[in-house]
Amino acid sequence: MRRPAVFLDRDGTINEQMGYINHPSRFKILPGVAEAIKRLNENHFLAIVVSNQSGVARGYFPIELVHVIHDMMKDGLKKKSAHIDGIFFCPHYPRGAVKEYTGECECRKPQAGLIDQACRSFDIDMSRSYVVGDRYTDIQLAQRCDLKGVMVKTGYGLGDVTYVLPYQNTVKPAYIAEDLLDAVKWILEREKGDNSL
Ligand SMILES: [Mg+2]
Ligand SMILES: [Zn+2]
């Protein structure tokens, strides 16, 4: 059965913004995130992580570390009864240092590649789906995929909301949330009020 999805940014949205997460010790899940994802699970939304991890191409950490961090994330959330349905990430960067991952790609956000990958793995009702992230690029991603974009003020969010957003006339977030839990509450409330469901 077709399900709507919330595409979640990782760094600054799910976990604390700590520059590059180049060691498991730098990965800390933000308050309210497990509760937010649990609510998505309970309301039949797919919770799908879409993340740029250019540190791989830049040679800051090996790709294996990304998988270690993702296992930590899933386990940490599982302990609080929250389930991540899928994780898609871009390890590339045009001016990287690791040959294998260096170059132009179609998956580095705000390009749509990661969401395209997710759509091949899941039967997603895109008309009821959202992107939530802390960067303006996450909102651009939402726009490119014709999804609603929600910005959180955690991570780089407050900075982007204050200094980037005012200068953008074309693409605006559908909502600016305090954090992921606030974003999810808004999404669920909005969907509840939609008579087309
Ligand atoms: Mg982020
Ligand atoms: Zn890529």
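User: In which sense do strand β4 and β5 pair?
Analyst: This is a predicted model. In it, β4 (residues 130–133) and β5 pair in the parallel sense, over 4 bridges. Within this pairing, Val131 stands opposite Gly149 of β5.

User: And which strand is joined to β5 by 3 bridges?
Analyst: That is strand β6 (residues 175–177), which runs parallel to β5. Here Val152 has Ala177 in β6 as its bridge partner.

User: What units do the helices α5 and α6 belong to?
Analyst: Helix α5 (residues 136–144) forms a right-handed β-α-β unit with β4 and β5. Helix α6 (residues 157–163) forms a right-handed β-α-β unit with β5 and β6.

User: How many residues of β5 are buried?
Analyst: In β5 (residues 148–152), 5 of its 5 residues are buried. Lys148, Val150 and Val152 point one way, while Gly149 and Met151 point the other way. In a regular strand, side chains alternate between the two faces of the sheet.

User: Changing topic: which residues coordinate the zinc ion (ligand 2)?
Analyst: The donors are Cys90 (SG), His92 (ND1), Cys105 (SG) and Cys107 (SG), at 2.0 to 2.3 Å. Their spacing in sequence is C-x1-H-x12-C-x1-C. His92 and Cys105, 13 residues apart, both lie in the loop between β3 (86–90) and α4 (113–121).

User: Why is the arrangement around the zinc ion (ligand 2) called tetrahedral?
Analyst: It is called tetrahedral because the 4 donor atoms subtend angles of 103 to 118°, and the criterion for four donors is that all angles lie between 85 and 135 degrees.

User: Is Cys105 buried or exposed?
Analyst: Cys105 counts as buried because its relative accessibility is 15%, and buried means under 20%.

Definitions and conventions. Residues are numbered from 1 along each chain as its sequence is written. Chains are lettered from A and ligands numbered from 1 in the order in which they are written. This is a predicted model: local features need pLDDT of at least 70, side-chain atom pairs count only at pLDDT 80 or more; totals for chains, interfaces and linings use all residues. Side-chain values use heavy atoms; hydrogens and water are left out. Donors are N, O and S atoms within 2.8 Å of the metal (3.2 Å for Na, K and Ca); water is not among the atoms, so sites may look incomplete. Four donors count as tetrahedral if all angles lie between 85 and 135 degrees; four count as square planar and six as octahedral if opposite donors are over 155 degrees apart and all others between 65 and 115; anything else is irregular. Helices (H or I, at least four residues) and strands (E, at least two) are DSSP runs, numbered from the N terminus. Buried means under 20% relative accessible area, exposed over 50%, partly exposed in between (1.4 Å probe, protein chains only). Two strands pair if DSSP finds at least two bridges between them. A crossover is right-handed if, with the strands pointing away from the viewer, the path from the first strand over the helix to the second runs clockwise.
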